[in-house]
Amino acid sequence: SSLLTAAAVAIISSTSHHRVECFAPPSISIQSAAATTKNSSLYAKKKAKSSGGGGFGGGFGSPTPTKKKSSRGKSGRSDLISALNDDDSKKKESKSFSRTYVKSEQEDMLNDLAAKSSTTIIGKAAAKSPHYNTPEMDPFWQLLPSLISTKFPTASDKDLERVAGMVEFSIGAGKVEDDVVENKWRPHTELHAYMPGLGEAEPFLDPDQLDLCKQLSENYDVISSEYEALLEERFDRKGNDRFQSVTSMNYEAGWKTMVLFYNGHRIKDFPYHLCPVTTKIMESVPIAGRIAGFNRQQPQSGIPLHSDGNNMWLTCQMGIKVPPTITNEAGEDVPSAHIRVGPETRHWEEGHCLLYDTTYEHETFNSHPTEERVVLHVDFFNTLKMTPLEIKVLQYIYDMREQFMKAEGVAKVGAQVL
């Protein structure tokens, strides 16, 4: 079956340290990501929870994607993936590399790996699904124990205990911890990606804890200059504006992003030579989420109240351009742009970072009548709470899920990978 071939390709490739561009059905030849694979059936069977609003969260409970690709032409909003990649796939020929596998060998190998991985903590977590080993179970999670066992053969069950908890939550067999449920500022019903055991959380965190924030602030002048250089090149060679609306809510709320990273990856043909310092600093952390880049908030607009539903990520924003103060009804000069996270409200300052947890409800507003607010936005795995191995495993899980989605030809604006 196409599913067995997809898994075999993933496992063999991870063992051989070959990069997998996409998963392919049993056509013997494995095509690159430029080619569309149509026959594999890798959609989640379980009804998924909706994402939390217009932030940059993405999660394991993502909506089941549709197979139909966007057919919008140049007259409408261009497809985000195509626009970001600055790529005309119709003009490119599919490149392929091939290696012949015998179907019976694939099945034997997968069965052997499945039997061995079923005794691991990840295998036991996957087995807790009420749909385990039935057509109703999302095949990605059923294959995950074999994938992780192959990719991380020296990782112990103790090392992966919290990852197993995340798997249990993702397949509907885990529960959110009481301290989260009881926190009125954290909408626990909107969580779609959850790792237990991360300890206490708070809306805003001290940015001095992270070298990322220190590096951004110290290089504010350079980063601001690089932003201006990117503005000069904001249109790609096809005329697409590099500033994109991430979701419909952001579009309606006046928030657009010049995307530097999509799902943690660099974007093909993006002019990184214009922003080398910004790029280097951003890549010093394990970037997560769907989008990372420069956010612009138009005057007299804001992001409505929402939460992003992934407790494994933190968000850092540094003020690039902050509009001046405005005078309130009492005749006082007050900051014009703010963000509220949970019960706390903060204001951006140029060259200073805000570090916060988007599982708390949050909203923004730029009250200035004429000037926009610009920040550099970075979502990243919580390096303050997660171990380096946990982060590597989660990055691998996200990457594998993205490959499964590519196999289905899913290319959707702001699509959640997991």
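**Salt bridges.** I started with the charged side chains and counted twelve salt bridges. This is a predicted model, so every value here is computed from it.

I looked up Glu161 first. Its partner is Lys158, with the closest N and O atoms 3.4 Å apart. Glu161 comes out partly exposed, at a relative accessible area of 42%. Lys158 has 65% relative accessibility and counts as exposed.

Next I went to Glu228, which bridges to Lys321 with 3.0 Å between the closest N and O atoms. Glu228 is in helix α9 and Lys321 in strand β8, so this bridge ties together parts that are 93 residues apart in sequence. I checked accessibility for each: Glu228 is partly exposed at 32%, and Lys321 is partly exposed at 34%.

Then I took Glu361 and Arg340, whose closest N and O atoms are 3.2 Å apart in a salt bridge. Glu361 sits in the loop between β13 and β14 (362-366), while Arg340 belongs to strand β11 (residues 337-341); the two are 21 residues apart, and the pair links distant parts of the chain. Are these two buried or exposed? Both Glu361 and Arg340 are buried. I also noted that Glu363 joins Arg340 and Glu361 in a network of salt bridges.

**Aromatic rings.** My search of the whole structure gave ten aromatic pairs. I wrote down two of them in detail.

Phe261 and Tyr272 make a tilted pair, 6.2 Å centre to centre with 50 degrees between the planes. Phe261 is in strand β5 and Tyr272 in the loop between β6 (265-266) and α11, so the pair ties together parts eleven residues apart in sequence. Phe261 and Tyr272 are both buried.

Phe381 and Tyr398 are edge-to-face, at 5.9 Å centre to centre and 75 degrees between the planes. Since Phe381 lies in strand β15 and Tyr398 in helix α12 (residues 388-407), this pair ties together parts that are 17 residues apart in sequence. Again, I found Phe381 buried and Tyr398 buried.

Back at Tyr272, I saw that Phe261, Phe270 and Tyr272 form one aromatic cluster. What sits over the ring of Tyr272? The charged end of Arg266 does, 4.7 Å from the ring centre. I logged another case of this kind at Trp348, where Arg373 lies over the face, 4.5 Å from the ring centre.

**Nonpolar cores.** Last, I looked at the packing. The largest nonpolar core has 36 residues, and Leu216, Phe294 and Phe380 have the most contacts inside it. Elements giving two or more residues to this core include α8 (211-218), α9 (220-232), β5 (255-262), β7 (291-297) and β15 (373-381). β5 gives the most, with five residues.

Technical notes: Residues are numbered from 1 along each chain as its sequence is written. This is a predicted model: local features need pLDDT of at least 70, side-chain atom pairs count only at pLDDT 80 or more; totals for chains, interfaces and linings use all residues. Side-chain values use heavy atoms; hydrogens and water are left out. A nonpolar core is a set of buried Ala, Val, Leu, Ile, Met, Phe, Trp, Tyr and Cys residues joined through side-chain atoms within 4.5 Å. Buried means under 20% relative accessible area, exposed over 50%, partly exposed in between (1.4 Å probe, protein chains only). Helices (H or I, at least four residues) and strands (E, at least two) are DSSP runs, numbered from the N terminus. Rings of Phe, Tyr and Trp (its six-membered ring) pair if their centres lie within 6.5 Å; planes under 30 degrees apart count as stacked, over 60 as edge-to-face and the rest as tilted. A charge sits over a ring if NZ of Lys or CZ of Arg is within 6 Å of the ring centre and within 35 degrees of the ring normal. A salt bridge is a side-chain nitrogen of Lys or Arg within 4 Å of a carboxyl oxygen of Asp or Glu.
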